[in-house]
Structures are given as structure tokens and as C-alpha cells.
Amino acid sequence: MSLCTVLLVAGGIYSFFFAHGIVQQQLYQFSADTGDGSSGGGGGGGGGQQATEQFTFTYSLLFLSCIANVAMASAVLTLQHSGAPHRLVSSLTKRLDRPALTEFILTALTLVLAKFASWHSLTLVDYPTQSLAKCAKPVSILLLSLWMGSRRYSLAEAVIVVWLVGSLGIFNLSKVRNDGNAVSTLTGNVLLLISLACDGLTGSRQDKIATRCHFSSWEMMCCINFFSLIFAGIGVLVFEGAGLWAFTIRHPNVYHLVGLFCACGALGQGFTYIGIRTLGALHTSLITTTRKLFMVLVSVIWFNTSLRPMQWAAVVSVFAAVFAKTWLKLRQHPHPHPH
């Protein structure tokens, strides 16, 4: 493992996911006048009040993001197959038997649900809250594994889970008590809980695909996003229709935000897979963990999000727990081998 490789992977993950997070927050904070005035209260003397509309097209954003991810993975795989797309298709279809196909479809379904819940929560909670909740992904994986009986965990891992849950609880309770916006905060956190549960199911199924079905990281990225594209497309047809298209016609400055969001997400995901292959899963996990901390701090500064002392203490506690979990993993597997 060379220093150049570490710097390249870390730089790619940091820069592209940083841009991805900033653009995502800009999209979900976007609001503009509709041009329709609504008359003021009962009397006739009040002036009209401009109505505003916000970006809420999460299924459409998911659909476009999946297209970008499939394009990215397909391009890499085509190069690996000597620039012959038919060889790639033939190689994948030969190994896509019924068990593998079932795993891919179920993984894609839980992935779409996880991303939808996580992204749509930004209409109700701020970015630091969402980013901190993502750090609790190990909690969902642990609880689901215990429930399904697929793995045993040590006392130290259980303590870290309780530590994470408690820290996140303090962060969110402090926000509700101080802001008084209990309903939207509660709804947003319910969405984040759904996202975490689906993340746990997605993670366990991805492990199963990698170990039992023998698909490479890029093949998994291509296939999972392909089936996710289908589920996201159904969501667009049922819930949003041409809403995003009409929205971008009314507000053309949203075009470049959507394009940048999809491109940065695909490239960031690509660098993550490169990291898993060249550095190993544990070292890549450490990079992505520090990236989340960096994003919380940058979001607070960039968007002037105010956090109270109790919330800052909760932020520090969450990342202390995450680093403790990473250190525990490194102790258990001191020499991780690249995939």
C-alpha cells in the first residue's frame, strides 16, 4: 500500500463526496417564488403573499443518480473486458442465476428505500443531523444480525452501539427542546431510522453477494444500481411523474445542481470501490468515517447551521464511538488484505 495510493483514494472520496453533500443540501434547501400570490387573511386590505415551492423530487434524483452509477461502473467494466461490451454482458448473464438475481433485486429494493428515506429527510432535518445518523449504520447492521442470528457480537461492540444511540438521542432531543419544531424533527428522524434499517439489510445482502455469488465490486455496483434504477423509475412514475422536468423548466439553475450531484456521487462511489480493492475495506472505512466528520463540520460552517453546546458534545461523542469501533476492527484484523 503506497502513500500515493492512499492520498489518491482519500482525495477522491473526500473531494467528490464533499461536493456531493454540499450540492445535495443546496438542492433540498432550494426554494423559489411560484409567481402566484395568495391573498392575505379575511379582510380585503391585505396584500398578496408570494407562494414558494421547494425541491422535493427525491425519486427523480435517485433515478438519475442510478443512471450515473450504472454508466460509471459499465465504463470501468467495459475497459476491463478489453473494450468489448458484449463480453461484459455475456459474463454477467452467465453468473446471474436465480439466487444471485434474487439477492440483487432485494438489495436494490432496500438500497432505494434507504436512499429515499435518507435524502428525503433533508426536507425536514438539517444536514448535520442526517450525517450524524449515517454514522449509526453499524447499529442497524448489528441489531439485524442479532435478530437474524447470523453473527455474534462482543460486549465491547454492544457498548459502542449503546454509546452511539445515546449520543444521537442527546443531539436530537436538544434540537427539539430548543427549536420547538418537534413534529418535523420527529418525522425526519423516523425517515432516518427507516434508512438505517434498510441500510442494515442492504449491507448484509451485499456481503452475501460478494462472498457467495463471487461478483467483483464494480459488477456489484453495476448490477445493484441497474435494478435500483427500475425501482426508482417506478417511484418516479407513481409519485412524481414529470415533476422534476417541469421544476427545472421553471428554475433552470437547478439543472447544473442535479447534474453535479449525480456526477459527484458516481465518482465518489467509484473511488470508494477503488479504495476497497487497493487499500482494503477497513482502511477505506476509516477514510469514509473521517469524511463524515469533515462533512458535518463543513456543513455547519458553509450553511451557517447553529449547533448548541450540548449538540457539539453529542457530535464529538458520536465520532469518538465510531473511531472506537474502527479501532476495535483494526485490533481484530490487524492486517486487512485488499479485495
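Predicted model: local features only at pLDDT ≥ 70, side-chain atom pairs only at ≥ 80, totals over all residues.
**Reading contacts, cores and salt bridges**

Trainee: Which residues does Tyr59 touch, not counting residues up to four places away in sequence?

Mentor: Contact means heavy atoms within 4.5 Å. With residues up to four places away in sequence left out, Tyr59 touches Phe116, Ala232, Gly235, Val236, Phe239 and Glu240. Between Tyr59 and Glu240 the C-alpha distance is 7.4 Å, although the two are 181 residues apart in sequence.

Trainee: In which helix is Tyr59 found, and what is the secondary structure of the chain as a whole?

Mentor: Helices (H or I, at least four residues) and strands (E, at least two) are DSSP runs, numbered from the N terminus. The chain comes to 13 helices and two strands, and Tyr59 is found in helix 2.

Trainee: Is Tyr59 buried or exposed?

Mentor: A residue is called buried under 20% relative accessible area, exposed over 50%, and partly exposed in between (1.4 Å probe, protein chains only). Tyr59 has a relative accessible area of 14%, so Tyr59 is buried. Over the whole chain of 339 residues, buried residues make up 47%.

Trainee: What does Gln25 contact, leaving aside its neighbours within four places in sequence?

Mentor: Gln25, placed in helix 1, is in contact with Tyr127, Ser299, Phe303 and Thr305 once those neighbours are set aside. Gln25 counts as buried because its relative accessibility is 3%. For the chain, among contacts between residues at least 6 apart in sequence, 82% join residues at least 24 apart.

Trainee: How many residues does the largest nonpolar core have?

Mentor: A nonpolar core is a set of buried Ala, Val, Leu, Ile, Met, Phe, Trp, Tyr and Cys residues joined through side-chain atoms within 4.5 Å. Here the largest has 30 residues, and those with the most contacts inside it are Leu27, Tyr28, Phe55, Leu61, Val254, Val258 and Phe261. Elements giving two or more residues to this core include helix 1 (3-28), helix 2 (58-80), helix 4 (98-120) and helix 11 (254-278). Helix 11 gives the most to this core, with six residues. As for Val258, this residue touches Leu27, Phe55, Leu61 and Leu64, not counting residues up to four places away in sequence. There is also a second, separate core of 20 residues, which includes Leu92, Ala108, Met221 and Ile276.

Trainee: Which residues make the nonpolar surface patch?

Mentor: Patches are made of residues with over 30% relative accessible area and no salt bridge; like charges are joined within 9 Å, nonpolar side chains (Val, Leu, Ile, Met, Phe, Trp, Tyr) within 5 Å. Areas come from the Shrake-Rupley method with a 1.4 Å probe, and for residues only the protein chains shown count as cover. Phe226, Ile230, Ile234, Leu237, Val238 and Phe239 make a nonpolar patch of about 660 Å². Leu237, in helix 9, is exposed, with a relative accessible area of 72%. The chain exposes about 16,900 Å², of which carbon and sulfur atoms supply 67%.

Trainee: How many salt bridges does the structure hold?

Mentor: Side chains of opposite charge can pair when their charged atoms come close. A salt bridge is a side-chain nitrogen of Lys or Arg within 4 Å of a carboxyl oxygen of Asp or Glu. The structure holds two. In one, Glu53 pairs with Arg250, with the closest N and O atoms 2.9 Å apart. Glu53 lies in strand 2 (residues 49-54) and Arg250 in helix 10, so this pair ties together parts 197 residues apart in sequence. Glu53 counts as buried at 17% relative accessibility, whereas Arg250 counts as partly exposed at 45%. Glu219 and Arg95 also meet in a salt bridge (2.6 Å, N to O). Since Glu219 lies in helix 9 and Arg95 in helix 3 (residues 85-95), that pair ties together parts 124 residues apart in sequence.

Trainee: What is the count of disulfides?

Mentor: A disulfide is a covalent bond between the sulfur atoms of two cysteines. The rule applied is a pair of cysteine sulfur atoms within 2.5 Å, and the count comes to zero. Cys66 is in no disulfide, and the nearest cysteine sulfur, that of Cys262, is 9.1 Å away. Cys66 counts as buried, at 3% relative accessibility.

Key
Residues numbered from 1 in each chain as written. Heavy atoms only, no water.
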